[in-house]
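I opened my notebook to record what I looked up, entry by entry. Here is the structure I worked from.

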Amino acid sequence: MRDPFLRPPALLVRAAEPLSQSLALKTLPLHVHEILPAFCIYEFINRIVSPYVSARLAPQIYPQLSRKTKINWNVHFVSMVQSCFINTLALWVICVDRERMQMSWKERVWGYTGAGGMVQGFAAGYFAWDLLASSLDIDVHGWGALAHAASALTVSMMGFRPFVNYYGLNFILYELSTPFLNIHWWLDKAGMTGSTLQLVNGIALLTTFGGSRLVWGTYQNYRMYTDIWRAIQNPGELPVPSWLAIVYLASTTALSGLNFYWFGNMVQTVAKRFEKPNRTQGETKTKKQ
């Protein structure tokens, strides 16, 4: 399936060719017109749109936030826009790209479709922005967020060799849980911690996170490892360089490890929101009064 987006401007294609050739990212020039606008749009949303909209939708909350919390709020705003957009786009391509559906294991490793490249392009633009945002405010986001952004960008860019472009699209569905994560965070800031709405959203968050990142993600990792191993065992005309397999597998494994780590933290965080006061603590407080 061809890229349904606009054709790349010749000027951008020529500008991207040196980088494409030096990094062996053959299809990068075909999607640079999706990467760069995505990066710029997300930065515009972060700097302009989120502060403007948030100050009007939450006038009693957003202006009173500390610098660090405002930075976090704006990042969640960008994340919400991006996750809704990229999930819709990825699911659409997965459902309608017949060429992709019929791929053999060789094509899943080395194959490419324009539509899949389009999704990778928009995702790479976001992860490039996320890497920059995490680097500039490491004290706010932490090293885990930086590692996640770096790994996700690496996986996205590898798809332009093309290399396991098929699985890159599947891994984008990790973002299915992101809208609920953002809502959970905003409910805390809105003073709705422990509310019924947060309970319902928390259940949706844990369900989608566990389903998309742990179950679906682990299954896709297994399939990808199997296909890459087949390619290594049957090099033919397209051998898999050892360094490429190691870098890609290390990145996806790091993402999976972070997902399991975050899921454990998430369960504890959600559970704490709805813990009932300890009976003995309540009696102690009563005695003191």
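**Entry 1: Glu-34**

I started in helix H2, residues 32-57, where Glu-34 has its place. I kept in mind that this is a predicted model. Is Glu-34 buried or exposed? I found that Glu-34 is buried, yet it has no salt bridge. I looked for the nearest side chain of opposite charge, and that is Arg-7, 11 Å away. A salt bridge needs the nitrogen and oxygen within 4 Å. I did find a polar contact of 2.8 Å between the side chains of Glu-34 and His-31. Leaving out residues up to four places away in sequence, I listed what Glu-34 touches: Asp-3, Phe-5, Gly-117, Met-118, Gly-121 and Phe-122.

**Entry 2: the whole chain**

Next I stepped back. I counted 12 helices and zero strands in the chain. The C-alpha trace spans about 80 × 40 × 35 Å along its principal axes. The chain has 289 residues, and 46% of them are buried.

**Entry 3: salt bridges**

I noted that side chains of opposite charge can pair when their charged atoms come close. How many salt bridges does the structure hold? I got six.

I looked at Arg-47 and Glu-43. Their side chains meet in a salt bridge of 2.7 Å, N to O. Both lie in helix H2, four residues apart, which is about one turn of the helix. Arg-47 counts as exposed because its relative accessibility is 53%, over the 50% cut-off. Glu-43 is partly exposed, at 21%.

Arg-230 and Asp-227 came next. Their closest N and O atoms are 3.9 Å apart, and they form a salt bridge. Both sit in helix H10, residues 196-233, three residues apart. Arg-230 is partly exposed, with a relative accessible area of 37%. Asp-227 is buried, with 2%.

Then I turned to Lys-68 and Asp-139. This salt bridge has its closest N and O atoms 3.7 Å apart. Lys-68 lies in helix H3 and Asp-139 in helix H7, residues 138-158, so the pair ties together parts that are 71 residues apart in sequence. Both ends are partly exposed: Lys-68 at 42% and Asp-139 at 43%. I also saw that Arg-67, Lys-68, Asp-137 and Asp-139 are linked in a network of salt bridges.

**Entry 4: aromatic rings**

I searched the whole structure and found 13 aromatic pairs. One of them is Tyr-62 with Trp-73, an edge-to-face pair with 5.6 Å centre to centre and 65° between the planes. Why does this pair tie together separate parts of the sequence? Tyr-62 lies in the loop between H2 and helix H3 (67-96), and Trp-73 lies in helix H3, so the pair ties together parts that are 11 residues apart in sequence. Both Tyr-62 and Trp-73 are buried. I noted a cluster too: ring pairs link Tyr-42, Tyr-126, Phe-127 and Trp-129.

**Entry 5: cysteines**

How many disulfides are there? The count came to zero. Cys-84 is in no disulfide, and its nearest cysteine sulfur, that of Cys-95, is 17 Å away. I checked accessibility last. Cys-84 is partly exposed, with a relative accessible area of 40%. Cys-40 also counts as partly exposed, at 48%.

Conventions. Residues are numbered from 1 along each chain as its sequence is written. This is a predicted model: local features need pLDDT of at least 70, side-chain atom pairs count only at pLDDT 80 or more; totals for chains, interfaces and linings use all residues. Side-chain values use heavy atoms; hydrogens and water are left out. A disulfide is a pair of cysteine sulfur atoms within 2.5 Å. Buried means under 20% relative accessible area, exposed over 50%, partly exposed in between (1.4 Å probe, protein chains only). Helices (H or I, at least four residues) and strands (E, at least two) are DSSP runs, numbered from the N terminus. Lys and Arg count as positive and Asp and Glu as negative; His and the chain ends are not counted. A polar contact is a pair of N or O atoms within 3.5 Å; within protein, one must be able to donate a hydrogen and the other to accept it, and residues adjacent in sequence count only if both atoms are side-chain atoms. Contact means heavy atoms within 4.5 Å. Rings of Phe, Tyr and Trp (its six-membered ring) pair if their centres lie within 6.5 Å; planes under 30 degrees apart count as stacked, over 60 as edge-to-face and the rest as tilted.
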